[in-house]
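Colleague: Before we discuss the model as a whole, I would like a close look at one part of it, taken strand by strand. Please give the criteria behind each term as you go.

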Amino acid sequence: MSEAYLWEFLDTHDDITIVDSFVKANSVINNPCYDTILCSISGGSDSDVMLDLIHRVDLNKKVKYIWFNTGLEYQATKDHLDYLEKKYNITIERERAIKPIPLTCKEYGQPFISKFASEQIGRLQKHGFKWQDLPYEELILQYPKCKSALKWWCNVYEAKAGNSRFNISRNKYLKEFIIANPPTFKISSKCCTYAKKNVGKNAVKKYNGDLQIIGVRQAEGGIRATAYKNCYSISEDNIDNYRPIFWYKDDTKERYEDKFNIVHSACYTKYGFKRTGCSCCPYARGLEDELEITRIFEPNLYKAVNNVFKESYEYTRKYREFVQLMKLKEDKTQIKGQMTIDDFLEGASNG
Ligand code: SF4
């Protein structure tokens with residue numbers, strides 16, 4: 001497919017990353033080997049930029065836009081989807097969760113701290129684990145079918161890979177906290193599985209997709225971004241994957257937004273969020289701020305999340321207080337230690 005038409009909306013002064021992304025997008029989207037291309041729309045700011053780019057190069061209208069409704073979404077996001085449909089004259093298919101988040105939390109448990117930690121805690125709970133601080137070799141005899149979660153609990157990866165993300169020590173004082181306050185509610189990572197991951201897999205089957213597009217950027221960091229090495233991956237037995245704005249840094253994205261007048265949802269322009277996703281997910285770092293903003297702008301959703309994640313919020317707050325206390329203790333011990341050395345030095349010079 002000739003690239004000449006791209007210069008209708010690009011010019012020679014444009015950011016080279018933006019120009020590159022158009023050239024690549026043109027060659028991927030218009031490649032005749034793809035019949036049905038599925039593009040995941042989240043309603044977030046990265047997704048807005050990606051949609052604009054893809055829509056401009058999709059000459060044969062092969063792209064199908066899909067949004068996954070997790071069951072705990074901001075009204076601002078839903079309104080934004082309506083806006084995008086009108087703006088680009090497209091349809092964004094709303095795919096319902098296999099099990100909405102409230103139902104999954106009730107059936108399997110609530111998410112807590114992080115996806116990985118929730119998965120391990122959930123496994124230990126299933127095996128009736130007693131949250132003992134014993135060596136792995138002893139615990140594996142008691143819980144022989146719980147190998148990987150026990151490895152996490154006992155920090156066995158530490159020697160090999162420093163403070164590995166597969167160890168509980170990755171979350172400071174989490175082990176000490178759980179030993180002192182064993183969870184009294186079910187913890188699980190399943191809500192991502194039924195509201196997002198498996199819904200995506202089902203959509204690929206439903207629409208018979210042969211290429212999947214997502215708006216991930218390397219610069220966003222985190223597990224989602226670091227899972228990929230570049231913008232395109234071909235799969236022999238699965239669907240190919242394309243990440244059109246993978247190389248966009250924050251300033252590239254800003255230049256794109258200015259050039260093409262991208263308008264983001266009220267989650268950004270009114271509420272002041274820096275990113276969006278499921279409303280008030282217990283994994284969110286700025287959870288308390290997010291809850292407060294949701295209370296002000298989306299009071300019904302605020303009630304819903306407090307109901308669905310009640311125990312997880314309480315447990316998270318308790319854990320954060322515990323961490324503060326432990327840090328205070330740590331500081332005091334250090335000061336005490338320093339004073340002893342100072343006293344010793346003073347004593348030595350006097351002597
Ligand atoms: S991001 Fe959070 S709230 Fe959303 S599905 Fe995953 S765990 Fe649940």
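Colleague: What kind of unit do S1, helix H2 and S2 make?

Modeller: S1, helix H2 (residues 45–57) and S2 make a right-handed β-α-β unit, where right-handed means that, with the strands pointing away from the viewer, the path from the first strand over the helix to the second runs clockwise. This is a predicted model, in which local features need pLDDT of at least 70 and side-chain atom pairs count only at pLDDT 80 or more, while totals for chains, interfaces and linings use all residues. Residues are numbered from 1 along each chain as its sequence is written.

Strand S1 covers residues 37–40, and its pairing with S2 is in the parallel sense, over four bridges; two strands count as paired if DSSP finds at least two bridges between them. Helices (H or I, at least four residues) and strands (E, at least two) are DSSP runs, numbered from the N terminus. Within this pairing, Leu38 stands opposite Lys64 in S2, and Cys39 has Tyr65 of S2 as its bridge partner. S1 also runs parallel to strand S4 (residues 211–213), to which three bridges join it, and here Ile37 stands opposite Leu211.

In a regular strand the side chains alternate between the two faces of the sheet. In S1 both faces are covered, since Ile37 and Cys39 on one side are buried, as are Leu38 and Ser40 on the other; a residue is buried if 20 or more other C-beta atoms, placed from the backbone, lie within 10 Å of its own, exposed if 12 or fewer, and partly exposed in between. S2 (residues 63–69) is mostly covered, with five of its seven residues buried. Over the whole protein, by comparison, buried residues make up 31% of the 351 residues.

From S2 the arrangement continues to strand S3 (residues 92–96), which runs parallel to S2 and is joined to it by five bridges. Asn69 stands opposite Arg96 of S3 in this pairing. A right-handed β-α-β unit is found here as well, made by S2, helix H3 (residues 75–88) and S3.

An automatic or database assignment divides the protein into domain 1 (3–100 + 193–265) and domain 2 (113–180), whose centres, taken over C-alpha atoms, are separated by 37 Å.

Finally, among contacts (C-beta atoms, placed from the backbone, within 7 Å) between residues at least 6 apart in sequence, 75% join residues at least 24 apart.

How values were computed
Contact = placed C-beta atoms within 7 Å.
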